[in-house]
Amino acid sequence: MAQNSLSTKVDNEQMLERFLSYVKIESQSVDEPSMTSFPMTEGQKRIAQYIYDEVRAFGGKGVKVTLSDDYYVYIDIPANIKRAVPSILFMAHTDVTPEAPGVGIKPTIHRNYDGGDLILPGGITLSPNIPQGSHLKDLIGKTIITSDGSTLLGADDKSGCAILVSMVENIINNPDFKHGRVMVALTQNEDIGKAAVRYDRTVFGDKPDIVIDIDGQTFDRYSIANFSAIGQSYYFKGNQAHSSEGKKNRYADALTAASYFIGLVPPEMSPSATEGLEGYIHCYSMTHPITANKDTIKTDYVVKVRLRYFDQEEGAYQRKIMDYNLKKVQAAFPFVEAKKTDDLMQYENIAYSMPDYVPDLVKKAAHDAGMEMEEKYTRAGTTSAMMVALHPEDMPGGPDFYSGQNAVHSPYEWCCIEELIQLTKAVENMITEVANMPKTK
C-alpha cells in the first residue's frame, strides 16, 4: 500500500484549545414534556454555530459545510481520487446530557499526570483506584482534563466533535492526502434520544456506504451490536364509582388493572434478572395522563414499557408477551378501557445492516494508531442505532468507536488530550484504508 500520510497535523496544544472552547459552551439538551418535540437550548445553538464558523474558516476545495435550521452541522469533503471507493460518514453529537449538573462548567487542566489521585475543587476525588478513573493508570505523563468536580465536563460528546473537526482540518490542510468521499454529521439532542429525529438525508444526498459513530466510552472496545429498542405506552381508562357497588356501577379500577398488567411481566425478563445478550422487558413508569390544558386525569393511568433485545426473534416474543398480557387485563377488568397507544422503534441493532468488512476495518485502523481494541456488544443505544431505526433506507449500521470520554454523565467525567490526538489518527487511518478498497454495490 502506498504511503498516505498527513504532513501537517493538529498538535496537542491545538487540540486542547479546541476541546476547551467546546466544553465552555454549555449545550445541555432538555428533556421536558412541556417543551416542543425537538427542544433546542441557546447553548445548543451556540455550539453548532461555533463549529460551523470554525470549519468554514478552514476553506478547502469543494468542501461543503451546512448548518441546518435544527442546528445540525454537516460537513461534506469530496473524494480527491478517481477510482470508486466506499463513502464514509462519521457522527458525533454537540449536546450534553441533562442527567448531571451542566451549568458553570470550569474545565480543569492536569498536565503531566503523575498517576495519583486528582482532588477536584468541587469536593470530589478522581482516582485510578475507582471505576470512574481506572483508565487513568494507562495515561501517566499525559494531559488530563476534568471539570472542577461540581459539574459534568461535556466530553460526551465534545471529545468526538474535537476529533472529527481536527480530522477535517488535517485533511483540508493536506490536499495530497488521498481519500474517498468523507462526510461528518454533528447532531443535536442525542442525549435525550432524538439525534435522528431531524437528520436531513438530502444534505448529503446519497446513502453512505460506511457509518462510524465517534461516541464510545471504552478505550479498548468498539461496539458492533446494540440492543434494538422499542418504547410502548399503554392507556388504562377508569371512572369514579363507589367500590361497594362496583359491579353494579361498572366501576373501572384503572389503578388495579394497570398494576396487574405490570405484574404479568415474567420476573426473569426484568432488567435486574438479565445480562450479556439477554433482552428484557421494563415497565418503568406509571403516571396519570395530562390533558392539553395540563390538568391531571386522576382516574386514568399510562404505563410506559421498554423492550430491549439483541435477537429479532426474542423481540417478536417480547411483543407477543405484552399483547397477551393486555388481552388478559381486558378480560379480567372489562369495565376498564385498556389499550396500547404507542409502539415506537427507538433504536435498531446496528449489526443487522452493518457491512461485514467494517469491524475489521475499525480494528486495523485503531491498531495502526497504537490502540488495541476488541469487539463488544452494547446494552444500550447509539446515534447510529437511532439513525437506523428512523432512516433504515438511508443509513447502514455503524460501530460506536471510542471518543476519549470517560465517567460520563457525572462530575467525574474526564478525557485525555493525547488520546484525542491518537483517536484522530485512528479516524484518519480508517479513511486511508477505505481509499484502498473497491466500492461494492
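This is a predicted model: local features need pLDDT of at least 70, side-chain atom pairs count only at pLDDT 80 or more; totals for chains, interfaces and linings use all residues.
Helices, in the sense used here, are DSSP runs of H or I with at least four residues, numbered from the N terminus. By that convention, A162 belongs to helix α3.

**Helix α3 and residue A162**

- A162 lies in α3 and has a relative accessibility of 0%, so it counts as buried, the cut-off being under 20%.
- Beyond its neighbours within four places in sequence, A162 is in contact with M15, R18, F19 and Y22.
- The C-alpha atoms of A162 and L16 are 9.1 Å apart, although 146 residues separate the two in sequence.

**Packing of α3 against α8**

- The crossing of α3 with α8 is right-handed.
- On the α3 side, the contact is made by S159, I163, L164, S166, M167, N170 and I171, and on the α8 side by L420, L423, T424, V427, E428 and I431.
- By class, the residues of this contact comprise 8 nonpolar, 4 polar and 1 charged.

**Packing of α1 against α8**

- Helix α8 also meets helix α1 (residues 12-23), with axes that come within 9 Å and cross at roughly 105°.
- An angle from 65 to 115 degrees counts as roughly perpendicular, and α1 and α8 are therefore described in that way.
- Residues N12, M15, L16 and F19 of α1 touch I417, E418, L420, I421 and T424 of α8.
- This contact of α1 with α8 contains 6 nonpolar, 2 polar and 1 charged residues.

**Packing of α4 against α5**

- Helix α4 (residues 254-263) and helix α5 (residues 312-332) cross at roughly 145°, and their axes come within 9 Å.
- The crossing of α4 and α5 is right-handed.
- A257, Y260 and F261 of α4 form the contact with M322, N325, L326, K328, V329 and A332 of α5.
- The residues in the contact of α4 with α5 are 7 nonpolar, 1 polar and 1 charged.

**Nonpolar cores**

- The largest nonpolar core holds 89 residues, and the members that touch the most others are F19, F90, M167, I212 and F401.
- Not counting residues up to four places away in sequence, M167 touches F90, V182, V184, T424, V427, E428 and I431.

- Helix α7 (residues 383-390) is mostly covered, with 7 of its 8 residues buried.
- The buried residues of α7 are T383, S384, A385, M386, M387, V388 and A389.
- The elements covering these buried residues include strands β3 (88-93), β8 (182-187), β9 (210-216), β10 (221-226) and β14 (337-347).
- T187 is located in strand β8 and counts as buried because its relative accessibility is 0%.
- Apart from residues up to four places away in sequence, T187 touches Y72, A92, H93, T94, D95, A195, T383 and M387.
- Of these contact partners of T187, T383 and M387 are among the buried residues of α7.

**Backbone features**

- D156 and D157 are joined by a cis peptide bond, with omega at about 5°.
- D157 is part of helix α3.
- R250 is not a glycine, yet its phi is positive, at about 55°.
- The position of R250 is in the loop between β11 (228-237) and α4.
- H409, likewise a residue other than glycine, has a positive phi near 60°.
- H409 sits in the loop between β16 (400-402) and β17 (414-416).
- With a relative accessible area of 28%, H409 is partly exposed.

Technical notes
Residues are numbered from 1 along each chain as its sequence is written. Side-chain values use heavy atoms; hydrogens and water are left out. A crossing is left-handed if the near helix is turned anticlockwise from the far one by less than a right angle, and right-handed if clockwise. Helices (H or I, at least four residues) and strands (E, at least two) are DSSP runs, numbered from the N terminus. Contact means heavy atoms within 4.5 Å. Ala, Val, Leu, Ile, Met, Phe, Trp, Tyr, Cys and Pro count as nonpolar, Asp, Glu, Lys and Arg as charged, and the others, Gly among them, as polar. Buried means under 20% relative accessible area, exposed over 50%, partly exposed in between (1.4 Å probe, protein chains only). A nonpolar core is a set of buried Ala, Val, Leu, Ile, Met, Phe, Trp, Tyr and Cys residues joined through side-chain atoms within 4.5 Å. Axes are lines fitted to C-alpha atoms, for helices over the stretch in contact, and angles run from 0 to 180 degrees between N-to-C directions. Angles under 35 degrees count as roughly parallel, over 145 as roughly antiparallel, 65 to 115 as roughly perpendicular and the rest as oblique.
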